[in-house]
Amino acid sequence: MSARSGQAKKLGAAIRPSEMQISGVSKGYGDARFRTEVVRDCTFTIERSKLTVMIGPSGCGKSTLIRLLAGFEKPESGSITLNGAPVTGPARDRLVLFQESALFPWMNTWDNILYGPRARGEATGESRDMAEFLLNKVGLGQFRKKYPAQLSGGMQRRAELARAMINNPAVMILDEPFRGLDAMTKELMWEYYSRLFEETRRTNFFVTTDIDEAIFLADRLLIMSNIPCQVRAVLDIDIPRPRTLISMVENDRANEIKMNALSILHEEAMKSFSRGSKAAADFVDAYSKRVAKG
Amino acid sequence: MSAALASAVQPRARPGRSIFRNHAVRAVISLSTFLLLWELGSRMHLPWVGDVPAPTVVMKAWLPLLSDPGYWYSWFQSSRRVLTGFLAAMLVGIPLGLVMATSRIFRDVTFPVFEILRPVPPLAWVPAAIIFWPTQELSIGFVIFLGAIFTIMLNVIGGARSIDLRFFQAARSMGASSWDIFRRIVLPGVLPSIVVGCEVGIGITWNVVVAAEMISGGGGAIQSSAGGGLGFFIWSSYIGSSYPQIVVGMISIGIAGYISSAIIRRLGRLITPWTRAR
């Protein structure tokens with residue numbers, strides 16, 4: 001028991017309070033005439049020990065931003081820094097959780113979680129203890145010998161959280177991680193994930209298209225404009241933690257923020273709609289019905 | 001009729017309700033129906049089927065062969081050739097495929113040659129192989145090798161290139177070296193495709209060995225009549241006009257091919273346990 005609380009302390013204590021600064025970043029694809037500028041002059045901060053959520057219409061360039069933050073691609077202009085040091089490539093201090101499970105299908109849960117330490121030749125007794133702790137932390141103690149295909153969608157996401165956390169990243173980047181889960185599982189994952197965040201207070205950057213998910217999780221909410229991707233508004237979600245699904249539904253402040261965020265998203269959708277985006281049409285339509293009802 | 005339909009729709013209904021649910025039983029029904037139709041067709045001298053010896057006649061020719069060491073030596077010879085040619089194809093094809101999949105430069109340089117050689121049927125190589133290689137045995141082995149290697153290589157390349165890009169990104173983010181990525185991502189990632197390639201490849205080697213033995217005269221075993229392999233067994237039966245033995249040889253090859261595919265499949269499952277995990 002004492003060993004376990006020691007692990008918990010270590011999990012929290014080892015985390016460096018880290019901050020990412022994105023300034024004037026631009027990125028486009030294609031040559032000359034066929035060029036599309038996906039991200040233009042994008043500036044924002046991922047504040048230390050906060051859960052920053054980015055929301056924007058689908059196809060607005062969020063995933064491109066994530067690839068830039070992770071270091072899989074390089075910005076054409078502008079800079080991305082972590083604690084003042086420029087980001088030059090992928091590294092374990094910025095780990096990404098992808099939209100769908102990227103667990104290695106040929107490794108069982110235990111081997112997946114221990115992948116990082118083993119790859120770096122650090123699979124000591126200590127990292128094994130940590131893997132053990134994290135395995136139980138994400139509630140998969142019974143499933144250590146199971147392959148990813150044998151886990152449910154929610155279990156896969158939890159296994160992936162553990163696989164990322166064992167590397168003790170300075171910043172965790174999550175790209176619509178709960179997309180595709182059924183509504184019940186999704187809401188349970190929100191509560192689960194925010195508990196995990198509250199325990200460690202690691203700097204987290206979470207991308208989503210779901211407004212309820214965004215407000216439930218966020219300390220800060222970045223609302224993005226459609227292509228080219230820029231920060232349109234920053235909202236502070238000043239709702240005390242821990243939050244629960246019920247308290248959020250009844251919370252007037254939460255509803256106020258939601259309406260505010262929706263009206264900004266609506267403006268953005270209108271703009272891209274008038275520029276000929278078919279994707280925005282559904283949102284514009286749904287929003288006007290909703291406002292008429294309310 | 002409706003019972004058969006129901007059993008098809010619900011594969012796991014109550015067990016023991018009908019023996020038709022058992023795979024083995026279905027296989028026996030399938031085979032015995034085939035043999036029965038063949039027997040009838042042969043006895044009634046139906047067009048096309050009529051000249052083929054009936055199963056009972058084939059069995060009559062087969063039974064004495066079962067205690068003939070020459071017959072079994074043919075089995076051994078063909079199996080040995082298939083195995084060596086196939087192993088050589090694996091030893092060359094798998095590493096070559098992996099290098100072609102991972103090195104862009106190597107692929108660009110070698111792939112055009114590979115693509116031109118690939119459509120040439122292995123049998124078209126037989127005359128050239130007989131001229132190039134010093135012994136008959138080596139010529140046959142070379143043709144078998146050619147029969148399997150392209151399928152194995154194509155599967156390795158295809159398998160490696162279809163590995164999810166995010167696996168590499170995730171591994172790199174977690175600090176994995178290129179060697180570690182190769183060993184723990186690429187290799188297990190292509191393993192299922194290697195198994196498929198080998199399963200198809202060994203089937204082709206059986207096609208090839210038989211034809212190669214016929215054309216090359218059974219690896220210099222003409223004098224001994226036995227020991228030239230199953231392909232030569234068929235050919236000499238044809239020369240000697242013993243038609244039931246031709247069919248015996250054909251069925252023997254069918255069985256040999258089935259056994260080798262089954263072995264590869266079994267081994268494949270053993271080394272890729274995650275593909276069956278559900």
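Is A:Glu176 buried or exposed, and how many other C-beta atoms lie within 10 Å? A:Glu176 is buried, with 20 other C-beta atoms within 10 Å. The legends below give its setting and further views.

This is a predicted model, in which local features need pLDDT of at least 70, side-chain atom pairs count only at pLDDT 80 or more, and totals for chains, interfaces and linings use all residues. Residues are numbered from 1 along each chain as its sequence is written, while chains are lettered from A and ligands numbered from 1 in the order in which they are written.

**View 1. A:Glu176 and its positive phi.** Phi of A:Glu176 is about 40 degrees, although the residue is not a glycine. Most residues other than glycine have a negative phi. A:Glu176 sits in the loop between strand 7 (171-175) and helix 7 (183-200) of chain A. Helices (H or I, at least four residues) and strands (E, at least two) are DSSP runs, numbered from the N terminus. A residue is buried if 20 or more other C-beta atoms lie within 10 Å of its own, exposed if 12 or fewer, and partly exposed in between, with C-beta atoms placed from the backbone.

View 2. B:Ser241 lies in the loop between helix 10 (229-239) and helix 11 of chain B. Its phi is positive, near 60 degrees, and it is not a glycine. B:Ser241 is exposed, with 8 other C-beta atoms within 10 Å.

**View 3. The cis bond at A:Pro242.** A:Arg241 and A:Pro242 are joined by a cis peptide bond, with omega about -10 degrees. A:Pro242 is in the loop between strand 10 (231-236) and helix 9 (245-250) of chain A.

**View 4. Chain A against chain B.** The contact takes 20 residues from chain A and 17 residues from chain B. Two residues are in contact if their C-beta atoms, placed from the backbone, lie within 7 Å. On the side of chain A that touches chain B, strand 6 (94-97) and helix 4 (115-119) of chain A are the elements that give two or more residues. Helix 4 of chain A gives the largest share, three residues. That side of chain A divides into 15 nonpolar, three polar and two charged residues. Ala, Val, Leu, Ile, Met, Phe, Trp, Tyr, Cys and Pro count as nonpolar, Asp, Glu, Lys and Arg as charged, and the others, Gly among them, as polar.

**View 5. Helices 4 and 7 of chain B.** Chain B has 11 helices and zero strands. The axes of helix 4 (residues 69-102) and helix 7 (residues 136-161) of chain B come within 7 Å and cross at roughly 35 degrees. Axes are lines fitted to C-alpha atoms, for helices over the stretch in contact, and angles run from 0 to 180 degrees between N-to-C directions. The contact of helix 4 with helix 7 of chain B holds 21 nonpolar, six polar and two charged residues.

**View 6. Helix 11 of chain B.** Helix 11 (residues 243-271) of chain B has 29 residues. From first C-alpha to last it reaches 43 Å, close to the 42 Å expected at 1.5 Å a residue. The expected span is 1.5 Å times one less than the number of residues. Buried residues in helix 11 of chain B include B:Pro244, B:Ile253, B:Ser260 and B:Ile264.

**View 7. Helix 10 of chain A.** Helix 10 (residues 252-274) of chain A has 23 residues and reaches 33 Å, close to the 33 Å expected. Among its buried residues are A:Ile257, A:Ala261, A:Leu265 and A:Glu268.
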